[in-house]
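Visitor: Could you walk me through reading this structure? I would like the general idea of each feature, then the case at hand.

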Amino acid sequence: MHRRAFFRHAVAPLLVASARPAAPPAGHDRPNIVLIYADDVGYGDLSCYGARRIRTPNLDRIAAGGIRFLHAHSSAATCTPSRYALLTGEYAWRRKGTGVLPGDAALIIEPGRSTLPAILKRQGYAIGVVGKWHLGLGAGKLDWNGEIKPGPLEIGFDYAFLMPATGDRVPCVYVENHRVVNLDPDDPIEVSYEKPFEGELLGRTHPHLLRMHPSHGHDMAIVNGISRIGYMRGGRKALWKDEEMADVFTAKAVEFIERHRGGRFFLYFATHDIHVPRVAHPRFAGKSVMGPRGDVILQLDWCVGRILDTLDRHGLAHNTLVIFTSDNGPVVDDGYKDEAVEKLGDHKPAGPWRGGKYSIFEGGTRVPFLVRWPARIPKPSDSPALISQIDLLHTLAFLTGASLGEQDAPDSFNLVSALLGRDPQGRPHLVEQAGTLAVIVGRWKYIAPSKGPRISKNTGIELGNDPEPQLYDLERDPGERNNVAAEFPDKVAELAALLEQIRQSPRTRP
Ligand code: NG6
Ligand code: CA
């Protein structure tokens, strides 16, 4: 077929979504929305997804009263690009500078854009974010002692209580709205990702000061007996205690719900768990058989339980849409010697999928995704629909009665019928992002050739890079073991062309 004609006949139809969405609820039926966004939790890490060596009763409660998605994806296999896509509805690979950010990066979402929080705010919702941010703060070199902006408040949130980047990156302080919490003006904070401060004690030079040791990287600033990525000095009263973080975030999340229970609210609750460093509160430390990685899964489950209990206590559960998912797939050794490898046993963090965090195989982005909304989802079910977190923007906009402008959320599909369990198909196609890109259409997955390493030397994860094209039949071979590219050259050509077409066009949504 001629190339142009090929696009028109084979590719173009795929760029248009088919399923007709269910009607949006009338004003008074619009739900409260709680999006619980966990960090590095794998498909196989929850008992409602088959884990046996660990129990997650509160997460299982969501599954038991809602929908368990089996083909749901984070937008990328690492944090920053997944979160960028979640909040903007745009594939992160379209934009430079959306990879894993250092802790002193500037905000990567331009104020004024129609973000998920900005759209829901226009619909009259109170909008809060509690937990991990990792999308940058400020507009250039940031003074952590002054007003910290632009940040979440400038892109649509009304309230923010944040960890700026990750638990393993400085600065190790909380930021509430525009200020560092508990900052003593006589002990200002300084942050550098270039060189240590004079006299700074580091993990690599003073390992005897550490209670948790790095396995790779993470040998710079020491905070709370744990060495991190990056250097910092000062702000001693403001430093967080890792073992208290889950309690601190959960209390802020509960407060937000209680403050806004009289109206409509959207809470984006982005836990630090189960990212490294994995330091559980003493209530959970040693309580799993899998060491700290298991303990923080128990802790995460407890946080989720507190949120659900709060909704119950205030009679909000019936009309609250609760979504639980994770920003990327799982990793076992992500840079600290925390016994995760030694105590894993036969636990499969990625469940049946190959690879994990950082990987273009399914383990990279195929994550747990649970949805509960008793008012609109009367009975529990499993859904095989292909959905992505990038679709939440359009779907939630629709559910709350908002419409999108032409330029908004270019890659976000309105999947309300799939979200409510009425459409088993979902997206017509999905681009997955790790070191390279892949595209899924129906049963087929094509992975674009790439020169990167096949296996990460740090984490041991199979990254899925291959200089040759890869084609997998996910129906017959969900574990991506048999590359059938040589058997189906037409399929390879078709999907390679589709991926190219998606890259070239500024948007994929209808
Ligand atoms: C990597 C870190 C890893 C983790 C990751 C980001 C090293 C050696 N590894 O660079 O520990 O922080 O970045 O994780 O520094 S994410 O979930 O926020 O994407
Ligand atoms: Ca992550």
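Visitor: What share of the contacts in the chain with a separation of 6 or more comes from residues 24 or more positions apart?

Guide: A contact means heavy atoms within 4.5 Å. Here, residues 24 or more positions apart account for 73% of the contacts with a separation of 6 or more. Before we go on: this is a predicted model, where local features need pLDDT of at least 70 and side-chain atom pairs count only at pLDDT 80 or more, while totals for chains, interfaces and linings use all residues. Residues are numbered from 1 along each chain as its sequence is written, chains are lettered from A and ligands numbered from 1 in the order in which they are written, and side-chain values use heavy atoms, leaving out hydrogens and water.

Visitor: How many helices and strands does the chain have?

Guide: Both are DSSP runs numbered from the N terminus: helices are H or I with at least four residues, strands are E with at least two. This chain has nine helices and 18 strands. Its radius of gyration, taken over C-alpha atoms, is 22 Å, close to the 24 Å that the globule rule (2.2 Å times the number of residues to the power 0.38) gives for 510 residues, so the chain is as compact as a globular protein of that length.

Visitor: What percentage of the residues count as buried?

Guide: Relative accessible area decides, with a 1.4 Å probe and protein chains only: under 20% is buried, over 50% exposed, and in between partly exposed. Of the 510 residues, 63% count as buried.

Visitor: How many salt bridges does a search of the whole structure find?

Guide: We look for a side-chain nitrogen of Lys or Arg within 4 Å of a carboxyl oxygen of Asp or Glu. The search finds 39. One of them joins R313 and E258, at 3.0 Å from N to O. R313 lies in helix 6 (residues 291–313) and E258 in helix 5 (residues 245–259), so the pair ties together parts 55 residues apart in sequence.

Visitor: Which residues are linked with K445 in a network of salt bridges?

Guide: The network links E362, R366, E432, K445 and E480. Take K445 and E362, whose closest N and O atoms are 2.7 Å apart. K445 sits in strand 17 (residues 444–447) and E362 in the loop between strand 12 (320–326) and strand 13 (369–372), so this bridge ties together parts 83 residues apart in sequence. Both of these residues are buried.
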